[in-house]
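Here are my notes for you, written as numbered points. Keep the model open beside them and find each residue as you read.

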Amino acid sequence: MTYRDVVSRQVLAWACTAIGARMPVAMAPLALVFLVRERPGGYSLGAILAAAYVLGEIGGAPVFGMRLRPERARVQLAVGLAVGTVGFLGLGVFPGAHPVVLAGFAFVAGGAPAAATGGLRTLLSELVPARSVAQALSVESILTAGVWAVSPAAVAGLALGVAPRVPLLLAAGLMAWSVGGLWLLPARWGGAEEEGGESPPLLRVLVGAWPVYVVGGASLALLGLSELVLPALLEQRGIGVGWSGPLLTGMAVGGGLGAFVYGLRGWPGLLRTRSVVLMAGTSVCVALAAVIPAAAGIAVALVVGGTLQSGAMLTRNLSLREVLPPGALAAGYSVMYAASGVGYAATGSLAGALLKVAAPSTAILAGVCLTVAMTGVGWWGEVRRARRGAYAEGSGVSVVEPGGVGAGAGVEGVK
(Lines give C-alpha, C1' and ligand atoms only; values in the text may rest on other atoms or scores of the structure.)
Protein backbone atom coordinates (compact mmCIF):
# COMPACT_ATOMS: atom_id res chain seq x y z
CA MET A 1 0.00 0.00 0.00
CA THR A 2 1.49 3.33 -1.11
CA TYR A 3 0.42 6.91 -1.72
CA ARG A 4 1.22 6.69 -5.44
CA ASP A 5 -2.42 6.52 -6.55
CA VAL A 6 -3.27 9.59 -4.47
CA VAL A 7 -0.78 11.84 -6.25
CA SER A 8 -2.72 13.45 -9.11
CA ARG A 9 -3.76 16.84 -10.43
CA GLN A 10 -7.37 16.31 -9.35
CA VAL A 11 -6.39 15.41 -5.80
CA LEU A 12 -4.28 18.58 -5.69
CA ALA A 13 -7.32 20.58 -6.82
CA TRP A 14 -9.36 18.83 -4.12
CA ALA A 15 -6.73 19.73 -1.49
CA CYS A 16 -6.82 23.42 -2.45
CA THR A 17 -10.62 23.39 -2.29
CA ALA A 18 -10.64 21.57 1.05
CA ILE A 19 -8.20 24.06 2.58
CA GLY A 20 -10.50 26.89 1.56
CA ALA A 21 -13.47 25.14 3.14
CA ARG A 22 -11.81 23.93 6.33
CA MET A 23 -9.41 26.66 7.38
CA PRO A 24 -12.32 29.01 8.22
CA VAL A 25 -13.70 26.26 10.47
CA ALA A 26 -10.39 26.02 12.33
CA MET A 27 -10.05 29.81 12.55
CA ALA A 28 -13.59 30.66 13.63
CA PRO A 29 -13.72 30.09 17.44
CA LEU A 30 -10.50 31.97 18.22
CA ALA A 31 -11.27 34.64 15.60
CA LEU A 32 -14.65 35.30 17.22
CA VAL A 33 -13.00 35.80 20.62
CA PHE A 34 -10.50 38.28 19.17
CA LEU A 35 -13.28 40.07 17.28
CA VAL A 36 -15.10 41.23 20.44
CA ARG A 37 -12.51 40.94 23.22
CA GLU A 38 -12.15 44.73 23.54
CA ARG A 39 -15.88 45.25 24.02
CA PRO A 40 -17.38 45.20 27.55
CA GLY A 41 -17.52 41.58 28.66
CA GLY A 42 -15.61 40.74 25.52
CA TYR A 43 -14.31 37.31 26.48
CA SER A 44 -17.73 36.13 27.64
CA LEU A 45 -19.30 37.47 24.45
CA GLY A 46 -16.59 35.76 22.41
CA ALA A 47 -17.37 32.46 24.11
CA ILE A 48 -21.08 32.92 23.34
CA LEU A 49 -20.35 33.67 19.68
CA ALA A 50 -18.07 30.63 19.46
CA ALA A 51 -20.83 28.51 21.02
CA ALA A 52 -23.32 29.84 18.44
CA TYR A 53 -20.91 28.89 15.69
CA VAL A 54 -20.44 25.35 17.05
CA LEU A 55 -24.20 24.92 17.53
CA GLY A 56 -24.65 25.89 13.89
CA GLU A 57 -22.14 23.20 12.89
CA ILE A 58 -23.76 20.54 15.07
CA GLY A 59 -27.22 21.30 13.73
CA GLY A 60 -26.29 21.99 10.12
CA ALA A 61 -24.12 18.92 9.49
CA PRO A 62 -26.85 16.26 9.83
CA VAL A 63 -29.69 18.43 8.50
CA PHE A 64 -27.93 19.49 5.30
CA GLY A 65 -25.82 16.32 5.04
CA MET A 66 -28.95 14.17 4.80
CA ARG A 67 -30.19 16.35 1.95
CA LEU A 68 -27.08 15.96 -0.19
CA ARG A 69 -27.86 14.12 -3.41
CA PRO A 70 -25.10 12.51 -5.52
CA GLU A 71 -26.45 13.92 -8.77
CA ARG A 72 -26.59 17.50 -7.40
CA ALA A 73 -23.55 17.40 -5.14
CA ARG A 74 -21.63 20.33 -6.63
CA VAL A 75 -24.55 22.77 -6.58
CA GLN A 76 -25.63 21.82 -3.06
CA LEU A 77 -22.11 22.12 -1.65
CA ALA A 78 -21.58 25.43 -3.47
CA VAL A 79 -24.77 26.91 -2.03
CA GLY A 80 -23.82 25.90 1.51
CA LEU A 81 -20.30 27.29 1.22
CA ALA A 82 -21.59 30.51 -0.39
CA VAL A 83 -24.05 31.11 2.45
CA GLY A 84 -21.24 30.36 4.94
CA THR A 85 -19.14 32.97 3.15
CA VAL A 86 -21.90 35.53 3.74
CA GLY A 87 -21.92 34.63 7.45
CA PHE A 88 -18.17 35.16 7.81
CA LEU A 89 -18.35 38.33 5.73
CA GLY A 90 -21.08 39.72 7.97
CA LEU A 91 -18.93 39.14 11.05
CA GLY A 92 -15.93 40.86 9.45
CA VAL A 93 -17.83 43.81 7.96
CA PHE A 94 -20.03 44.54 10.99
CA PRO A 95 -17.85 43.79 14.05
CA GLY A 96 -19.64 46.40 16.16
CA ALA A 97 -23.13 45.03 15.51
CA HIS A 98 -25.47 43.98 18.31
CA PRO A 99 -24.44 40.69 19.91
CA VAL A 100 -27.63 39.00 18.68
CA VAL A 101 -26.78 39.96 15.09
CA LEU A 102 -23.22 38.69 15.50
CA ALA A 103 -24.51 35.43 16.99
CA GLY A 104 -26.81 35.05 13.99
CA PHE A 105 -23.94 35.55 11.56
CA ALA A 106 -21.83 33.06 13.56
CA PHE A 107 -24.64 30.47 13.52
CA VAL A 108 -25.04 30.82 9.75
CA ALA A 109 -21.26 30.67 9.19
CA GLY A 110 -21.11 27.42 11.14
CA GLY A 111 -24.31 25.78 9.95
CA ALA A 112 -24.66 26.52 6.24
CA PRO A 113 -21.39 24.88 5.08
CA ALA A 114 -21.40 22.12 7.71
CA ALA A 115 -22.17 19.40 5.15
CA ALA A 116 -19.11 20.35 3.10
CA THR A 117 -16.79 18.12 5.14
CA GLY A 118 -18.82 15.01 4.34
CA GLY A 119 -19.35 16.03 0.73
CA LEU A 120 -15.70 16.78 0.06
CA ARG A 121 -14.61 13.54 1.73
CA THR A 122 -16.97 11.62 -0.53
CA LEU A 123 -15.68 13.46 -3.60
CA LEU A 124 -12.12 12.59 -2.59
CA SER A 125 -13.04 8.90 -2.61
CA GLU A 126 -14.17 9.32 -6.22
CA LEU A 127 -10.75 10.63 -7.29
CA VAL A 128 -8.73 7.54 -6.32
CA PRO A 129 -9.02 3.79 -6.97
CA ALA A 130 -10.97 1.80 -4.39
CA ARG A 131 -7.78 0.15 -3.15
CA SER A 132 -6.35 3.58 -2.22
CA VAL A 133 -9.26 5.05 -0.27
CA ALA A 134 -7.45 4.48 3.05
CA GLN A 135 -4.46 6.46 1.74
CA ALA A 136 -6.77 9.21 0.47
CA LEU A 137 -8.39 9.52 3.88
CA SER A 138 -4.93 9.61 5.44
CA VAL A 139 -4.00 12.49 3.13
CA GLU A 140 -7.18 14.27 4.21
CA SER A 141 -6.21 13.84 7.87
CA ILE A 142 -2.70 15.15 7.20
CA LEU A 143 -4.15 18.21 5.48
CA THR A 144 -6.60 18.78 8.35
CA ALA A 145 -3.80 18.51 10.92
CA GLY A 146 -1.81 21.10 8.97
CA VAL A 147 -4.79 23.45 8.84
CA TRP A 148 -5.37 23.18 12.58
CA ALA A 149 -1.66 23.70 13.27
CA VAL A 150 -1.47 26.90 11.20
CA SER A 151 -4.83 28.49 11.99
CA PRO A 152 -4.31 29.65 15.63
CA ALA A 153 -1.08 31.45 14.79
CA ALA A 154 -2.66 33.03 11.70
CA VAL A 155 -5.65 34.28 13.67
CA ALA A 156 -3.59 35.70 16.53
CA GLY A 157 -1.07 37.36 14.20
CA LEU A 158 -3.70 39.00 11.99
CA ALA A 159 -6.02 40.04 14.84
CA LEU A 160 -3.24 41.58 16.94
CA GLY A 161 -1.00 42.80 14.14
CA VAL A 162 -3.57 44.15 11.68
CA ALA A 163 -7.17 44.30 12.95
CA PRO A 164 -9.56 41.98 14.84
CA ARG A 165 -11.89 41.72 11.86
CA VAL A 166 -9.20 40.59 9.40
CA PRO A 167 -9.18 36.86 10.32
CA LEU A 168 -12.92 36.66 9.64
CA LEU A 169 -12.57 38.52 6.34
CA LEU A 170 -9.81 36.07 5.41
CA ALA A 171 -12.10 33.18 6.38
CA ALA A 172 -14.79 34.60 4.08
CA GLY A 173 -12.28 34.86 1.23
CA LEU A 174 -11.05 31.31 1.73
CA MET A 175 -14.57 29.91 1.78
CA ALA A 176 -15.44 31.83 -1.38
CA TRP A 177 -12.30 30.32 -2.94
CA SER A 178 -13.57 26.84 -2.09
CA VAL A 179 -16.82 27.56 -3.96
CA GLY A 180 -14.83 28.20 -7.13
CA GLY A 181 -12.66 25.15 -6.46
CA LEU A 182 -15.71 22.87 -6.64
CA TRP A 183 -15.81 23.41 -10.41
CA LEU A 184 -12.41 21.72 -10.70
CA LEU A 185 -13.84 18.55 -9.13
CA PRO A 186 -16.43 16.01 -10.29
CA ALA A 187 -19.95 17.42 -10.33
CA ARG A 188 -21.27 14.38 -8.49
CA TRP A 189 -20.23 11.15 -6.85
CA GLY A 190 -21.34 7.56 -7.33
CA GLY A 191 -24.31 6.15 -5.51
CA ALA A 192 -27.20 7.83 -7.25
CA GLU A 193 -28.19 4.46 -8.66
CA GLU A 194 -28.66 2.04 -5.82
CA GLU A 195 -29.40 -1.62 -6.18
CA GLY A 196 -32.81 -2.49 -7.55
CA GLY A 197 -35.62 -3.09 -5.15
CA GLU A 198 -36.81 -1.20 -2.15
CA SER A 199 -34.06 0.34 -0.03
CA PRO A 200 -34.48 1.31 3.63
CA PRO A 201 -35.03 4.99 4.55
CA LEU A 202 -31.86 7.04 4.81
CA LEU A 203 -32.54 8.04 8.40
CA ARG A 204 -32.87 4.39 9.45
CA VAL A 205 -29.64 3.51 7.68
CA LEU A 206 -27.78 6.37 9.40
CA VAL A 207 -29.20 5.59 12.84
CA GLY A 208 -28.03 1.99 12.45
CA ALA A 209 -24.42 3.22 12.34
CA TRP A 210 -24.69 4.90 15.76
CA PRO A 211 -21.79 2.97 17.36
CA VAL A 212 -19.37 4.45 14.81
CA TYR A 213 -20.56 7.96 15.63
CA VAL A 214 -20.22 7.42 19.38
CA VAL A 215 -16.56 6.37 19.13
CA GLY A 216 -15.90 9.16 16.61
CA GLY A 217 -17.33 11.66 19.07
CA ALA A 218 -15.16 10.21 21.83
CA SER A 219 -12.09 10.61 19.63
CA LEU A 220 -12.56 14.34 19.11
CA ALA A 221 -13.63 14.74 22.73
CA LEU A 222 -10.08 13.94 23.82
CA LEU A 223 -8.72 16.55 21.42
CA GLY A 224 -11.14 19.14 22.73
CA LEU A 225 -10.27 18.26 26.31
CA SER A 226 -6.58 18.84 25.61
CA GLU A 227 -7.17 22.16 23.86
CA LEU A 228 -9.59 23.67 26.36
CA VAL A 229 -7.95 22.70 29.66
CA LEU A 230 -4.26 22.84 28.69
CA PRO A 231 -3.73 26.55 29.60
CA ALA A 232 -5.18 25.98 33.08
CA LEU A 233 -3.11 22.80 33.48
CA LEU A 234 0.11 24.61 32.59
CA GLU A 235 -0.71 27.33 35.11
CA GLN A 236 -1.30 24.64 37.75
CA ARG A 237 2.13 23.18 36.97
CA GLY A 238 3.83 26.59 37.13
CA ILE A 239 4.58 26.54 33.39
CA GLY A 240 4.06 29.61 31.23
CA VAL A 241 0.59 29.64 29.65
CA GLY A 242 2.21 30.79 26.42
CA TRP A 243 3.50 27.24 25.93
CA SER A 244 -0.05 26.04 25.25
CA GLY A 245 0.20 27.17 21.60
CA PRO A 246 3.40 25.26 20.76
CA LEU A 247 2.20 22.20 22.68
CA LEU A 248 -1.08 22.09 20.75
CA THR A 249 0.80 22.62 17.51
CA GLY A 250 2.93 19.61 18.42
CA MET A 251 -0.22 17.60 18.99
CA ALA A 252 -1.52 18.61 15.55
CA VAL A 253 1.81 17.68 13.94
CA GLY A 254 1.61 14.32 15.70
CA GLY A 255 -1.86 13.89 14.21
CA GLY A 256 -0.50 14.47 10.71
CA LEU A 257 2.32 11.99 11.32
CA GLY A 258 -0.11 9.38 12.64
CA ALA A 259 -2.35 9.74 9.59
CA PHE A 260 0.64 9.34 7.26
CA VAL A 261 1.88 6.20 9.02
CA TYR A 262 -1.61 4.68 9.10
CA GLY A 263 -1.87 4.97 5.32
CA LEU A 264 1.49 3.34 4.62
CA ARG A 265 0.24 -0.22 5.03
CA GLY A 266 -2.67 -2.49 5.86
CA TRP A 267 -3.06 -3.14 9.58
CA PRO A 268 -4.17 -6.40 11.20
CA GLY A 269 -7.38 -6.87 13.10
CA LEU A 270 -10.95 -5.67 12.80
CA LEU A 271 -11.55 -1.95 12.41
CA ARG A 272 -13.46 -1.80 15.69
CA THR A 273 -10.56 -3.52 17.48
CA ARG A 274 -8.01 -1.12 16.03
CA SER A 275 -10.22 1.77 17.01
CA VAL A 276 -10.49 0.66 20.64
CA VAL A 277 -6.73 0.09 20.89
CA LEU A 278 -5.95 3.51 19.43
CA MET A 279 -8.54 5.21 21.64
CA ALA A 280 -7.14 3.47 24.71
CA GLY A 281 -3.65 4.66 23.81
CA THR A 282 -4.89 8.23 23.25
CA SER A 283 -6.69 8.19 26.59
CA VAL A 284 -3.55 7.03 28.38
CA CYS A 285 -1.54 9.82 26.74
CA VAL A 286 -4.01 12.54 27.71
CA ALA A 287 -4.18 11.16 31.26
CA LEU A 288 -0.37 11.18 31.46
CA ALA A 289 -0.34 14.80 30.26
CA ALA A 290 -2.62 15.60 33.20
CA VAL A 291 -0.28 14.13 35.84
CA ILE A 292 3.23 14.73 34.42
CA PRO A 293 4.78 17.82 36.08
CA ALA A 294 7.34 18.79 33.42
CA ALA A 295 6.59 20.63 30.17
CA ALA A 296 8.74 18.21 28.15
CA GLY A 297 6.77 15.22 29.43
CA ILE A 298 3.46 16.91 28.65
CA ALA A 299 4.72 17.69 25.14
CA VAL A 300 5.68 14.07 24.47
CA ALA A 301 2.34 12.80 25.80
CA LEU A 302 0.38 15.22 23.60
CA VAL A 303 2.39 14.45 20.44
CA VAL A 304 1.95 10.69 20.91
CA GLY A 305 -1.70 11.21 21.81
CA GLY A 306 -2.28 13.23 18.65
CA THR A 307 -0.58 10.52 16.60
CA LEU A 308 -2.89 7.81 17.97
CA GLN A 309 -6.01 10.01 17.85
CA SER A 310 -5.70 10.63 14.12
CA GLY A 311 -5.47 6.88 13.53
CA ALA A 312 -8.58 6.33 15.65
CA MET A 313 -10.50 8.88 13.61
CA LEU A 314 -9.38 7.23 10.37
CA THR A 315 -10.73 3.88 11.55
CA ARG A 316 -14.10 5.53 12.15
CA ASN A 317 -14.26 6.97 8.63
CA LEU A 318 -13.28 3.59 7.18
CA SER A 319 -15.91 1.89 9.35
CA LEU A 320 -18.60 4.12 7.85
CA ARG A 321 -17.58 2.86 4.41
CA GLU A 322 -18.22 -0.68 5.63
CA VAL A 323 -21.64 -0.13 7.16
CA LEU A 324 -23.23 2.45 4.84
CA PRO A 325 -24.18 2.18 1.17
CA PRO A 326 -22.34 4.52 -1.24
CA GLY A 327 -25.32 6.84 -1.59
CA ALA A 328 -25.46 7.42 2.19
CA LEU A 329 -21.75 8.07 2.76
CA ALA A 330 -21.88 11.87 2.45
CA ALA A 331 -24.74 12.02 4.95
CA GLY A 332 -22.91 9.56 7.22
CA TYR A 333 -19.75 11.65 7.18
CA SER A 334 -21.82 14.73 7.99
CA VAL A 335 -23.45 12.99 10.96
CA MET A 336 -19.96 11.95 12.09
CA TYR A 337 -18.93 15.61 11.89
CA ALA A 338 -21.86 16.58 14.10
CA ALA A 339 -21.13 13.73 16.53
CA SER A 340 -17.54 14.89 16.81
CA GLY A 341 -18.76 18.39 17.62
CA VAL A 342 -21.06 17.01 20.30
CA GLY A 343 -18.19 15.02 21.82
CA TYR A 344 -15.97 18.10 21.78
CA ALA A 345 -18.66 20.22 23.43
CA ALA A 346 -19.57 17.54 26.00
CA THR A 347 -16.08 17.11 27.41
CA GLY A 348 -15.44 20.84 27.16
CA SER A 349 -18.58 21.58 29.19
CA LEU A 350 -17.72 18.90 31.74
CA ALA A 351 -14.18 20.20 32.13
CA GLY A 352 -15.37 23.81 32.32
CA ALA A 353 -17.81 22.95 35.09
CA LEU A 354 -15.20 20.93 37.02
CA LEU A 355 -12.61 23.69 36.78
CA LYS A 356 -14.76 25.75 39.14
CA VAL A 357 -14.49 23.14 41.89
CA ALA A 358 -11.46 20.98 41.04
CA ALA A 359 -7.90 21.21 39.78
CA PRO A 360 -7.31 21.21 35.99
CA SER A 361 -5.61 17.81 36.20
CA THR A 362 -8.73 16.37 37.87
CA ALA A 363 -10.94 17.90 35.18
CA ILE A 364 -8.84 16.28 32.45
CA LEU A 365 -8.96 12.87 34.15
CA ALA A 366 -12.74 13.14 34.48
CA GLY A 367 -12.99 13.95 30.77
CA VAL A 368 -10.81 10.95 29.96
CA CYS A 369 -13.16 8.73 31.97
CA LEU A 370 -16.11 10.08 29.98
CA THR A 371 -14.42 9.34 26.65
CA VAL A 372 -13.44 5.84 27.77
CA ALA A 373 -17.09 5.19 28.65
CA MET A 374 -18.20 6.48 25.23
CA THR A 375 -15.64 4.24 23.53
CA GLY A 376 -16.88 1.22 25.46
CA VAL A 377 -20.50 1.90 24.53
CA GLY A 378 -19.59 2.32 20.86
CA TRP A 379 -17.50 -0.87 20.82
CA TRP A 380 -20.33 -2.82 22.45
CA GLY A 381 -22.75 -1.51 19.83
CA GLU A 382 -20.47 -2.56 16.97
CA VAL A 383 -19.98 -6.06 18.41
CA ARG A 384 -23.72 -6.45 18.93
CA ARG A 385 -24.48 -5.34 15.38
CA ALA A 386 -21.86 -7.70 13.94
CA ARG A 387 -23.29 -10.65 15.92
CA ARG A 388 -26.81 -9.89 14.71
CA GLY A 389 -25.56 -9.76 11.13
CA ALA A 390 -23.67 -13.06 11.53
CA TYR A 391 -26.75 -14.72 13.08
CA ALA A 392 -28.98 -13.56 10.22
CA GLU A 393 -26.47 -14.78 7.64
CA GLY A 394 -25.99 -18.14 9.35
CA SER A 395 -29.74 -18.75 9.59
CA GLY A 396 -30.17 -18.08 5.89
CA VAL A 397 -32.57 -15.20 6.54
CA SER A 398 -32.19 -12.21 4.24
CA VAL A 399 -32.05 -9.33 6.67
CA VAL A 400 -31.04 -5.76 5.90
CA GLU A 401 -29.48 -4.35 9.02
CA PRO A 402 -29.94 -0.59 9.40
CA GLY A 403 -26.21 -0.13 9.75
CA GLY A 404 -25.16 -2.99 7.58
CA VAL A 405 -26.52 -1.95 4.21
CA GLY A 406 -23.34 -1.70 2.16
CA ALA A 407 -21.19 -4.08 4.10
CA GLY A 408 -18.51 -5.15 1.75
CA ALA A 409 -18.18 -1.60 0.41
CA GLY A 410 -15.09 -1.20 2.53
CA VAL A 411 -11.56 -0.67 1.38
CA GLU A 412 -9.32 -3.41 0.09
CA GLY A 413 -7.32 -4.87 2.93
CA VAL A 414 -9.72 -3.62 5.59
CA LYS A 415 -11.76 -6.28 7.33
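1. Let's start with Gly65: this residue is buried, because its relative accessible area is 1% (buried means under 20%, exposed over 50%, partly exposed in between, with a 1.4 Å probe and protein chains only). Gly65 belongs to helix α2, residues 42-65 (helices are DSSP runs of H or I with at least four residues, numbered from the N terminus). Leaving out residues up to four places away in sequence, Gly65 touches Gly60, Ala115, Ala331 and Ser334 (contact means heavy atoms within 4.5 Å).

2. A word on where this comes from: the model is predicted, local features need pLDDT of at least 70, side-chain atom pairs count only at pLDDT 80 or more, and totals for chains, interfaces and linings use all residues. Residues are numbered from 1 along each chain as its sequence is written, and side-chain values use heavy atoms, with hydrogens and water left out.

3. Now look at helix α1, residues 9-36. Its 28 residues reach 41 Å from the first C-alpha to the last, close to the expected 40 Å (that is 1.5 Å times one less than the number of residues). There's a kink of about 50° at Ala28, shortly before Pro29 (the bend is the angle between axes fitted to the seven residues ending there and the seven starting there). Mostly, α1 is covered, with 21 of its 28 residues buried.

4. Which residues touch the most other members of the largest nonpolar core? They are Trp14, Tyr53, Phe88, Leu120 and Leu185, out of 62 residues (a core is a set of buried Ala, Val, Leu, Ile, Met, Phe, Trp, Tyr and Cys residues joined through side-chain atoms within 4.5 Å). Helix α1 gives the most to this core, 16 residues. A second, separate core has 25 residues, among them Val215 and Met251.

5. On to the rings: there are four aromatic pairs (ring centres of Phe, Tyr or the six-membered ring of Trp within 6.5 Å; planes under 30 degrees apart are stacked, over 60 edge-to-face, the rest tilted). Phe94 and Phe105 are stacked, 6.5 Å centre to centre with 10° between the planes. Phe94 sits in the loop between α3 and α4 and Phe105 in α4, so the pair ties together parts eleven residues apart in sequence.

6. Last, check two arginines. The charged end of Arg121 sits over the ring of Tyr333, 5.0 Å from its centre (CZ of Arg or NZ of Lys within 6 Å of the ring centre and within 35 degrees of the ring normal). Arg265 has its charged end over the ring of Trp267, 4.5 Å from the centre.

Conventions. Helices (H or I, at least four residues) and strands (E, at least two) are DSSP runs, numbered from the N terminus.
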